[in-house]
Amino acid sequence: MRMLRVEGGRRLSGETRVSRAKNAVLPILAASLLTDGEVTVKDVPRIDDVAHMLDILRTLGCDAVWDQGDVRLSAANLRDTALPDALAKTLRSSIFLMGPLLARMRRAAVTYPGGCEIGLRPIDLHLQGLRALGVAIREEGGLILCDGSRMHGSNVHFDYPSVGATENVMLAAVLAPGDTTIYNAAREPEIADLQACVNKMGGRVRGAGTSTIEIEGVAALHGVCHRPIPDRIVAGTLLAALAITGGEGRLLETAPREMSAVLEALREMGCRVHVGRDSVALRAPERLRAFRSLQTSPHPGFPTDMQAQMLALASIAQGTSVLTENVFENRLNHVQDLRRMGADIVVSGRVAVVRGVEKLSGARVSAHDLRAGAALVLAGLCAQGETVVEHAERIDRGYERLEEQLGALGALVSKETDETV
């Protein structure tokens, strides 16, 4: 078990760069299976989710090596279409491999994916979309067996704008004969980045970032070199760290246009935010103000991946904040640990009512999932005394050495490993 020790009470300040987006990198790594040419992904963050994805790709016959901060991949010797069960259960994003495997090999065998326990997150939309493309799907022995020998372009209508399902259908359809149109597609910027990468490989995709995506199937794709977009959730977390400590700083190499909902929430809490072309500067007030009502929703709404961090900010803000989690049903598990630190939070279903307190106290808490763990680190930054966040390996799934990123802004955060657990 990994742990983060956080010394509270330090005002953060300074300047740091934002890493590339986990949620852009993972589907792009999956897209490397679409071609037998070499794919280079630039500035890939060294996080656990990337390591798990590369392990899965290697078991399928893909060569994947680190070249300093880049990852070089070649699926020229792709030989297997069955995802390894144990590895797939460590990574929710392993489901992205269904589409590329079907596109390239016309077959795929996958298990139900793993990841953080933040809700049911069923994959029925993935399967619905693939069936619309002519994929025959059956379950056998705990596996989902997919036969894409009769794949073709088609119209795909989603009842809900699922990010993963949208990307999976995109990746499957890019090599399917005929035209495909995805209606009610997810609009997240990471999907537009995947489109940019696939089109550089020779694909014909347009409309990503809107609710309608059109794909014209092509016969083959070629290698590519692509640098994914910055991570808007890492950026939001670092801005929240400045805000919760009454700090001041600037983030470089970020994408402020994709963070408008988060930036507006920070402004409502009294932060002064200045946006550049690829930078964001923030100056926090002596004490944050409560936000009146915040509801998570698909992009361009407020991202569910920033909900826990905002709850941490609200816990010390002056006034009462109301936060509603509309995306995942089990994403308020961190409330019990914030209460342990002195927060005044009442939860009813998916609604949390937060009455801001003047101070939090350091405590021993546990990261129940990736973003909840980050929120507890934020709470520890402003708390009196020391906070120990257990199960920091869950934080390492999506943040590249968070302790060093915060350290660059003046925080005292250290990582330890408990070998007895």
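**Entry 1: charges and overall form**

I began with the charged side chains: the chain carries 48 positive and 51 negative ones, and the centres of the two sets are 3 Å apart. I note here that the model is predicted.

I then looked up the secondary structure and found 13 helices and 23 strands. For the extent of the chain, I took the box along the principal axes that its C-alpha atoms fill, roughly 65 × 45 × 40 Å. The radius of gyration is 21 Å; a compact globule of 421 residues would have one near 22 Å, so the chain agrees with that expectation.

**Entry 2: surface and contacts**

I looked up burial next, and 57% of the 421 residues count as buried. The accessible surface of the chain is about 16100 Å², and carbon and sulfur atoms account for 45% of that. I also checked how far along the sequence the contacts reach. Taking contacts between residues at least 6 apart in sequence, I found that 72% join residues at least 24 apart.

**Entry 3: helix 6**

I turned to helix 6, residues 163–173. Of its 11 residues, 10 are buried, so the helix is largely enclosed by the rest of the structure. The buried residues include Glu167 and Asn168, along with Val169, Met170 and Leu171.

**Entry 4: Ser321**

I located Ser321 in strand 18, which spans residues 320–324. Is Ser321 buried or exposed? Its relative accessible area is 0%, and the cut-off for burial is under 20%, so Ser321 is buried. Setting aside neighbours within four places in sequence, I listed the contacts of Ser321 as Ala290, Phe291, Arg292, Ala314, Ala352, Val353 and Val354. For Phe291 I also have a polar pair: its backbone nitrogen is 3.1 Å from a polar atom of the Ser321 side chain.

**Entry 5: Ser149**

I looked up another serine, Ser149, and placed it in the loop between strand 8 (143–147) and strand 9 (155–157). Ser149 has a relative accessibility of 53%; exposed means over 50%, so Ser149 counts as exposed. Which side chain does Ser149 join in a polar contact of 2.9 Å? I found that the partner is the side chain of Asp147. Lastly, I checked Ser149 against Met105, which is 44 residues away along the chain; their C-alpha atoms are separated by 8.7 Å.

How values were computed:
Residues are numbered from 1 along each chain as its sequence is written. This is a predicted model: local features need pLDDT of at least 70, side-chain atom pairs count only at pLDDT 80 or more; totals for chains, interfaces and linings use all residues. Side-chain values use heavy atoms; hydrogens and water are left out. Helices (H or I, at least four residues) and strands (E, at least two) are DSSP runs, numbered from the N terminus. The radius of gyration is taken over C-alpha atoms; the globule rule is 2.2 Å times the number of residues to the power 0.38. Buried means under 20% relative accessible area, exposed over 50%, partly exposed in between (1.4 Å probe, protein chains only). Contact means heavy atoms within 4.5 Å. Accessible areas come from the Shrake-Rupley method with a 1.4 Å probe; for residues, only the protein chains shown count as cover. Lys and Arg count as positive and Asp and Glu as negative; His and the chain ends are not counted. The place of a charge is taken as NZ of Lys, CZ of Arg, CG of Asp or CD of Glu. A polar contact is a pair of N or O atoms within 3.5 Å; within protein, one must be able to donate a hydrogen and the other to accept it, and residues adjacent in sequence count only if both atoms are side-chain atoms.
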